[in-house]
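User: I am new to this structure and would like to learn how to read it. Could we take a few features in turn?

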Amino acid sequence: MKDQLKKELELLQQRLWEISDHLYHHPELGDQEFESMELLVGFLEEHGFTVEKGIVGRPTAFKAVYDSKKAGPSIAYLSEYDALPGVGHGCGHNMIGTMSAGAGVLLSKVVNEIGGRIVVLGTPAEETNGAKVPMAEQGVFADIDAAMILHPADESYESGVSLAMDAIQFDFRGKSSHAAASPEKGINALDAVLQLFNGINALRQHVTSDVRIHGIIKEGGVAANIVPDKAVAQFYVRAGNRSYLNEVVEKVKNIAKGAALMTGAEVHIDNYELSYDNMVTNQTLSQLFTENLLSAGIKEVKKAKESYGSIDMGNVSHVVPAIHPYIGLDAPGLVAHTTEFADTTITDNSHRILASGVLALAFTGFDLITDKEALENTKNEFLSNCK
């Protein structure tokens, strides 16, 4: 039946290339991906999927379902389609969204025979305020047996790890005054921010090597002769797992409180984006996908690369067996988040690679539905990791 999937792909691939290219030419930022969502939803509806838009309170999120009405597992493909400011689809989300939707449609062509249920989830704003976080929190994956997403990269890599991350804003308030005539009457909020940076720099000596802390001064005053009564800093704090990240974040918050005490300012601390959990790859599912990626025509899949980034797929991996592998664009050294990366996604070669990715995702879903042992092993590993 996998041969049938290959034949079905030949009928679909031209349409998939058109969708990916359209997304490239019409990039939309996170939570503003209305045209992108409608394009993907329209494609899924054309092939018999029932679609619910605006799930988890996100207008550009969706849930598309194709139910065979026969017993079997539910397989989820996660679709991203947000772009980057000034860069467009420099992270290849035009390919991601298309591959997931394509895999769902492709597998639907045989699911009436083999049973099971296919879910394609539209997940906005991965780059900033990932919708997978509320999806994981609000039970969207409660009836899902496995979740997959495939990300383009310079080369192909197995699914690996990502860092847990909190995005924290520190809002310091002081008292304005004339900086030359009466500085003693002022409370300098910017000084508090500078002490925050100094304290964090000192903290770096006393955290594990996986920790990453990086930030900016978002507001630092309005004029040099006015004592700044407001200053704002934003930081990303990352660590290899959620429990240790929570410890580091508590230390960072204490530094901010100390900076406020040192300067006489007040500080308000809050998250300015959603928090991401670390990615826990299901190795059983990952190995199955790697085998299918090779059989779909990708020549080499490297071991998971070391990653210091953060993805909202991490939150998904804590509630359901999940993978986040990478498919290579045959461009070693190609850097993501660049216009060069975006341009590479619409070449003829990348079109062929996209088709291979769709096939590998569909093959893996097919295996999970038809091979009870593979599905059971995948679930058992997940349950073991949850202990």
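**Helix packing, sheet and pockets**

Analyst: The model is predicted. In it, the axes of helix 2 (residues 34-46) and helix 3 (residues 93-114) come within 10 Å and cross at roughly 10 degrees.

User: How are two packed helices described in general, and what does the angle make of helix 2 and helix 3 here?

Analyst: A packed pair is described by two values, the angle between the axes and the distance between them. Angles under 35 degrees count as roughly parallel, so helix 2 is roughly parallel to helix 3.

User: Which residues of helix 2 and helix 3 make the contact?

Analyst: Helix 2 brings Leu40, Phe43 and Leu44, while helix 3 brings Gly97, Thr98, Ala101, Gly102 and Val105. Sorted by class, the contact between helix 2 and helix 3 has five nonpolar residues, three polar ones and no charged residues.

User: In what sense do strand 5 and strand 11 pair, parallel or antiparallel?

Analyst: Strand 5 (residues 146-148) pairs with strand 11 in the parallel sense, over two bridges. Met148 is found opposite Ile323 of strand 11.

User: Which strand gives the most to the lining of the largest pocket, and how do the residues of the lining divide?

Analyst: Strand 6 gives the most, with three residues. Strand 6 (151-153) and strand 9 (230-239) each supply at least two residues of that lining. By class, the lining of the largest pocket divides into 15 nonpolar, nine polar and eight charged residues.

User: What is the volume of the second largest pocket, and which residues lie nearest its centre?

Analyst: The second largest pocket has a volume of about 280 Å³. It is lined by 15 residues, with Ile298, Lys299, Glu300, Gly328 and Asp330 nearest its centre. Helix 10 (residues 348-370) provides the largest share of this lining, four residues. The lining of the second largest pocket divides into three nonpolar, five polar and seven charged residues.

Note on methods:
Residues numbered from 1 in each chain as written. Predicted model: local features only at pLDDT ≥ 70, side-chain atom pairs only at ≥ 80, totals over all residues. Heavy atoms only, no water. Pairing = 2+ DSSP bridges. Axes fitted to C-alpha atoms, helices over the stretch in contact; angles between N-to-C directions. Parallel < 35°, antiparallel > 145°, perpendicular 65-115°, else oblique. Contact = heavy atoms within 4.5 Å. Nonpolar A, V, L, I, M, F, W, Y, C, P; charged D, E, K, R; others polar. 1 Å grid on protein atoms, 1.4 Å probe; cavity = no way out; pocket = protein on both sides within 12 Å on 5 of 7 lines; lining within 4 Å. Points joined across faces, edges and corners; volume = space filled by probe spheres on them.
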